Amino acid sequence: MSENAQEGTHRTIERVARESYGRLVAYLCAQTRDVASAEDALSNALISALTTWPRDGVPHNPEAWLLTAARHSLIDHIRHQQVAVASEPTLVLLRSEPKDDPLSTEFPDERLKLLFVCAHPAIDPAMHTPLMLQTVLALDAERIAHAFLISPATMGQRLVRVKTKIRDSGIQFEIPQERELPERLDAVLEAIYAAFGIGWDDMAGVDQRGRDLAEEAIWLGRVLLELIPTEPEVCGLLALMLHCEARRRARRGEDGRYIPLSEQDSQFWSMTLIAEAERHLAAAATSGRMGRFQLEAAIQSVHAERARSGRTEWAAIALFYEQLIRISPTLGTRTGHAAAIGEANGPAAGLAVLDGIDVNDVSTYQPYWAVRAHLLQQLGRTSDAAQAFDRAIGLAEDPAVRQFLLRRRA
Amino acid sequence: MQFALVVYESPEAFAARNSNQIDSYTGAWQAYYQTLIEAGVYVGGAPLQAPETGTTVRLKDGKRRVQDGPFADTKERLGGFMILELASLDAALDWAARCPAASGGAVEVRPVAPEFKRRITG
């Protein structure tokens with residue numbers, strides 16, 4: 001086989017692995033509840049694809065080929081363990097091996113069940129996102145650890161521990177009952193949003209952590225929407241992420257300088273992503289059930305309007321924040337509300353809203369200090385503003401944001 | 001518990017210290033230090049002179065072996081340290097990420113060893 005053809009085969013394997021990994025892992029572990037073994041079996045299958053496919057050609061149905069290979073690897077692994085009494089899930093798996101030609105077998109998409117397992121209340125909430133990124137998107141522990149600011153070894157251990165818990169604690173691979181669904185779905189949405197990593201996208205700054213996972217989070221959002229197309233909050237989350245992603249290019253100057261949303265050149269916004277976000281938001285609205293992510297997306301939608309109208313309707317943004325505070329009174333929401341009031345009704349009004357937040361809650365919350373500094377500066381309270389700037393600079397993680405604030409303070 | 005934040009800086013960062021004006025790196029450090037104080041987590045620490053000013057001492061067969069230069073010469077150079085009082089490693093990592101040296105240099109987070117300190121200090 002020529003070098004070009006080999007390269008093509010490798011690319012095919014990469015693409016199939018990327019697109020099918022989650023589906024295959026979900027299908028394998030929905031039967032065994034053993035996530036780690038399913039992942040091992042699939043990586044064995046991918047390794048054997050790397051040797052077989054370049055030699056024999058890419059099979060007609062690559063996904064089914066990988067599933068068969070992974071299944072055999074899993075069965076080998078279980079036999080190899082020489083367990084005297086094969087466990088019940090194993091027997092289920094062995095029995096469920098399709099009798100007809102496995103290469104033509106369709107298999108059900110179990111990724112939704114896997115997502116619900118990853119965000120199960122019995123699992124440490126801090127691990128929901130890492131678990132999803134690994135099991136559904138095949139991200140390795142090192143990349144996940146980097147985004148979560150912990151050591152790869154620690155992340156690896158934590159992932160192993162939660163997978164053991166899933167296997168041994170009797171967590172079911174199932175879609176939650178109707179009455180449980182809203183709460184369980186919230187946990188899934190939260191975990192995807194945490195991967196996206198932008199809690200606040202206004203004048204204060206962009207949370208550095210997890211930012212390189214933004215595309216992965218959008219991918220997860222699309223998967224979730226495909227699996228559960230009727231839930232408005234799923235549309236809302238995807239719309240929110242797409243709106244933020246649309247501005248990626250505009251967020252930094254050519255020299256890497258940080259540019260706050262209100263000063264971004266809307267020519268650099270992606271109209272394609274904005275249009276897609278608007279479609280999802282409109283689809284969500286037809287349900288008549290408002291929710292946190294729809295409201296956050298609506299706020300971003302008002303910002304996006306500036307590309308057409310040339311101005312920002314801050315009063316509308318403030319109104320959406322008021323509704324949002326009723327559902328989700330987080331520090332981010334309340335700070336965002338104060339910033340919007342500051343723009344709509346003047347800095348004194350904005351500062352009054354900010355003063356309503358208990359200062360003990362915000363001692364290390366960077367966006368609060370950035371907004372406070374901005375408002376105090378507008379009011380001409382220079383020395384108070386300098387103090388708030390210092391705090392915002394001291395708490396900033398992103399060097400570009402730090403530089404931006406240092407310039408503003410001067 | 002206490003954590004040491006061991007700060008490694010690039011040669012450029014060391015050079016920036018000698019400028020008479022307050023450059024943005026120094027400005028960022030001033031703000032960072034103020035924030036540590038206001039958060040009530042700062043226990044102590046100090047910046048160090050450049051590695052070239054270091055002198056390393058070893059005792060071999062009872063004799064002093066004095067060597068010009070730092071113990072280890074690496075691209076990122078030991079620039080200083082801070083001791084912070086914090087509830088958890090996660091909090092220490094948050095503060096390390098906010099440290100101006102974390103971009104361009106590196107910040108190593110190490111727990112202080114209180115048991116061993118007690119055995120030494122009695």
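In this predicted model, chain A has an average pLDDT of 86, and 90% of its residues score at least 70. For chain B the average pLDDT is 88, with 98% of the residues scoring at least 70. The complex as a whole is given an ipTM of 0.73 and a pTM of 0.79 by the predictor.

Two features of chain A concern its helices. Helix 6 (residues 125–135) is mostly covered, with 9 of its 11 residues buried. These buried residues are A:Met127, A:His128, A:Thr129, A:Pro130, A:Leu131, A:Met132, A:Leu133, A:Gln134 and A:Thr135. Helix 9 (residues 181–196) of chain A packs with helix 11 (residues 232–246) of chain A at an angle of about 5°, and the two axes are 11 Å apart. Angles under 35 degrees count as roughly parallel, and helices 9 and 11 of chain A are therefore roughly parallel to each other. On the side of helix 9 of chain A, the residues that meet helix 11 are A:Leu185, A:Leu189, A:Ile192, A:Tyr193 and A:Phe196. Their counterparts in helix 11 of chain A are A:Glu233, A:Leu237 and A:Met241. By class, this contact between helix 9 and helix 11 of chain A comprises 7 nonpolar residues, 1 charged residue and no polar residues.

Chain B contains 4 helices and 6 strands. Read from the N terminus, its elements follow the order β-α-α-β-β-β-β-α-β-α. The C-alpha trace of chain B spans about 50 × 40 × 20 Å along its principal axes. Of the 122 residues in chain B, 23% are buried. Among contacts in chain B with a separation of 6 or more, 75% are between residues 24 or more positions apart.

Four strands of chain B form an open sheet in the order 2-5-1-6, with antiparallel pairing. Strand 2 (42–47) and strand 6 (106–111) of chain B stand at the edges of the sheet; each has a single partner strand, so one side of each is left without a neighbour in the sheet. On average, neighbouring strands of this sheet are turned by 20° against each other, direction ignored. Strand 1 (residues 2–9) and strand 6 of chain B run antiparallel and are joined by 6 bridges. B:Leu5 has B:Val109, in strand 6 of chain B, as its bridge partner. Helix 3 (residues 89–98) of chain B packs on the sheet, where it touches strand 1, strand 5 (77–85) and strand 6 of chain B. The direction of helix 3 makes about 160° with that of strand 6 of chain B.

Elsewhere in chain B, B:Ala13 lies in helix 1 (residues 11–16). B:Ala13 has 20 C-beta neighbours inside 10 Å and so counts as buried. Leaving aside neighbours within four places in sequence, the contacts of B:Ala13 are with B:Tyr25, B:Gly79, B:Ala101, B:Gly104 and B:Gly105. The C-alpha atom of B:Ala13 is separated by 9.8 Å from that of B:Arg77, with the two residues 64 apart along the chain. Just after helix 4 of chain B, B:Gly122 adopts a positive phi of about 75°.

Between the two chains, 15 residues of chain A are in contact with 13 residues of chain B. On the chain A side, the elements that contribute two or more residues are helix 18 (382–395) and helix 19 (399–409). Helix 18 of chain A gives the most to this side, with 5 residues. By class, the side of chain A that touches chain B has 7 nonpolar, 4 polar and 4 charged residues.

Definitions and conventions. Residues numbered from 1 in each chain as written. Chains lettered and ligands numbered in written order. Predicted model: local features only at pLDDT ≥ 70, side-chain atom pairs only at ≥ 80, totals over all residues. Axes fitted to C-alpha atoms, helices over the stretch in contact; angles between N-to-C directions. Parallel < 35°, antiparallel > 145°, perpendicular 65-115°, else oblique. Contact = placed C-beta atoms within 7 Å. Nonpolar A, V, L, I, M, F, W, Y, C, P; charged D, E, K, R; others polar. Buried ≥ 20, exposed ≤ 12 C-beta atoms within 10 Å, placed from the backbone. pLDDT = per-residue confidence, 0-100. Pairing = 2+ DSSP bridges.
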